[in-house]
Structure formats: structure tokens, C-alpha cells
Amino acid sequence: MADIVTPNLKEASALLGGFQLETIADMHSAAKRIHNMGPRNVLVKGGDLPASLDAVDIFFDGEDFYELRSSRIQTRNTHGTGCTLASCIAAGLAKGFPMLESVKAAKHFVEDALQYSKDIMIGDGFQGPFDHLFKLKNSGRQVAFKPSDLLLYAVTDSGMNRKWGRSITNAVRAAIEGGATIIQLREKDAKTRDFFESAKACLEICRSHEIPLLINDRIDVALACDADGVHVGQSDMPARVARSLLGPNKIIGVSCKTPEQAQKAWDDGADYIGSGGVYPTNTKANNVTIGLDGLKTVCLASKLPVVAIGGIGISNARSVMEIGVQNLKGIAVVSALFDRECILSETQKLHSVLTDATSRGK
């Protein structure tokens, strides 16, 4: 029998011989009765429930009921929501997520896509298109993650910005204009409000250049500003939990020093890993170095694209990129860009070295 069935109100009614579902209590009853037919889990979708201000779905696993609520989005563009939800649940299960986490992540994705789709004016039928691929309009949303985005990965540092008397937005803009391919905001000492405001301002710059913006560690800030994703370390929130909170369409990176950690990142649904420190660095206290051999070992074990980090700059970037592994896609740098007088020119020079090294390696 099926692992899960996902009937809407009309489908649930048909399965139960015309039983009318008009309240949340009716949905509970329907979920239990359908479960008795054999499926291991039941999700009764209540998007059309007339008495509810929210979109409420009832999930039943045979023991416990869960009311999964989301905002009710007023739009005619709902054609395909059910198929998309089921596909997202299946994708979550295929990646090893538990059933309930997969359902929650799928609901988050559908809500996000509904919000994006709500004002699209295509066709004149009763239902309009549900744009689950976020391609029917240009609203400044994140672009899909590509491993090549890791080529020149710029990680900010507020202390360095203060040292050189520049704002974080000016620093990020200069890095992007110089050729940075992805930005990570790493603000360990910033107050939450200040971090949030900085992230919003930097996100606007990144979106205008179609450059992904990730937040270091702070999943709450990433959610609040709708950043493109997060990067977490081994002592931060687990990637599996981050994925359940952020949903399937955000980028998640994980710091890894060992093959075992790289495998765990894959299992937990990460998109890439950062590996290092390759060389000693003053940016991060007590950071154990793994060297080029350690980096290569992690790369060979990883099923994910890898970005190298730790003490890398223009003098040694070529050596890092030429270790001879296909999934090493770039370098992450902090002081090599942000502890320099001119971020723009330093980024340009480093980008030139990286593009030359990668083209020679093909």
C-alpha cells in the first residue's frame, strides 16, 4: 500500500462515499478513515475549506494528527499545486528525509510558489498556471544554484570593513563588480536587528546582479530577509534541520574537514560543502588545517561540489585549483578581498587567476 496519499477535500469525500468535509474536525475524521483503508500516512488538503482563514492541511501517521497551517493566498493561479506538492514530498523522501519533514518542506515550497504566482496573468480559464519553477516572470527571486557559483566565494568580515572605513554594502558591491560569484554574510558579533538590516540591503545588491547571497549560521536571519540560503558549520544547526526549516529551494552549504562529514552533508540534503582550512589563517580562531592532501581526500569522498577555504589568496589559489579533482569548484576567501585597500581590483585579479586555472584544467 502507498506510503502516503494526499487527497483534497473533494477527493477525500469521494473516497469516503460522499462524506462532506466542512470543518477541521471533519478533516481529522476523514484522515483517520482513509488511513484505515491501508496507506501508512494521510494528508488531507484543506485549501478549499470554507470556514478557515488559513490554508489548513491535516497530516495523520496512524498515531498522531498534525495541523499544518499556512497563509491562504488569494489567487486563481492554482493549477498544478497538488501534483507539485506530491512531487516535492517524493523528492524529500528520496533524499532520506522523514515523512513529516518532507511534507512540511513541500508545503513551504508550494506556499512560496503560490505567493510568487499569484499575480501572473496568463490565459482566461477558471484556473491560471501555478509557476512552480519560478520562470514565468522576473521578480528578482534567487537564481537556481549552480556549482560554478562557487568559483569565487566571498565571505564578509565586519571587522575588516571597520578597519578600512567602509560599509558592508559597499564591500559587497565592490566584490560583485570585481567578479565574486557568490556572497556569504558572516557577522558573528552583529546584533540581530543590525544583521537583518545589512542582509536586506546586501540582498538587493546581489539580486540585481543575479548573485546568490548566503547567511552564515543564522537561519532566522536568512528566513526573515529571504536570502538564497545558509552556510552552517559542524557546531551550528544541523543541515537536515536547516533544510526542513528553509524548504527545498534554498541553498545549504556545510563546512567539512573529513570524508565522514562530507557524507553526512550529502545525507542531510546539503547543496555543497566548504572544506578547509587548507592553509593557516587568522580569520577563524583555532581552525585546524587539513592542507592540500586533506582537501583532496575530502573532495574525492564528496558527492557534492566543494569550495576550498582557509588562508587562500592570489599567491596560492592556482595551487589549490590544480589538485586534480573535478568537484572542486572554487575557493572561499575573506581577508584576500576584504582586508585590502581596494576590494574591486583584488577581486578582479583573483577572478582572473581562477578562470585561467579552471580553463587549463579542462
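The following dialogue explains how to read several features of this predicted model.

Biologist: Which conventions apply to this predicted model?

Modeller: Local features need pLDDT of at least 70 and side-chain atom pairs count only at pLDDT 80 or more, whereas totals for chains, interfaces and linings use all residues. Residues are numbered from 1 along each chain as its sequence is written, and side-chain values use heavy atoms, with hydrogens and water left out.

Biologist: What is the pairing of the strands in the closed barrel?

Modeller: Two strands pair if DSSP finds at least two bridges between them; strands (E, at least two residues) and helices (H or I, at least four) are DSSP runs, numbered from the N terminus. Here eight strands form a closed barrel in the order β5-β6-β7-β8-β9-β10-β11-β12, with parallel pairing. Strand β5 (residues 152-155) is joined to strand β12 (residues 328-333) by three bridges, and Leu152 stands opposite Ile331 in β12.

Biologist: Which strands does helix α7 touch?

Modeller: Contact means heavy atoms within 4.5 Å. Helix α7 (residues 192-208) packs on the sheet and touches β6 (182-185) and β7 (213-216). Its direction makes about 160° with that of β7; axes are lines fitted to C-alpha atoms, for helices over the stretch in contact, and angles run from 0 to 180 degrees between N-to-C directions.

Biologist: How many residues does the largest nonpolar core have?

Modeller: In soluble globular proteins, nonpolar side chains tend to be buried together. A nonpolar core is a set of buried Ala, Val, Leu, Ile, Met, Phe, Trp, Tyr and Cys residues joined through side-chain atoms within 4.5 Å. Buried means under 20% relative accessible area, exposed over 50%, and partly exposed in between (1.4 Å probe, protein chains only). The largest core has 73 residues, and Ile183 is one of those with the most contacts inside it. Apart from it lies another core of 16 residues, including Cys88 and Met99.

Biologist: How many salt bridges are there?

Modeller: Side chains of opposite charge can pair when their charged atoms come close. A salt bridge is a side-chain nitrogen of Lys or Arg within 4 Å of a carboxyl oxygen of Asp or Glu, and the count is 17.

Biologist: Which residue forms a salt bridge with Asp149?

Modeller: The partner is Lys146, with the closest N and O atoms 3.4 Å apart. Asp149 is buried, at 7% relative accessible area, while Lys146 is partly exposed, at 40%.

Biologist: Where do the partners Arg318 and Asp356 lie?

Modeller: Their closest N and O atoms are 2.9 Å apart. The pair links distant parts of the chain, 38 residues apart: Arg318 is in helix α12 (residues 317-321) and Asp356 in helix α14 (residues 343-361).
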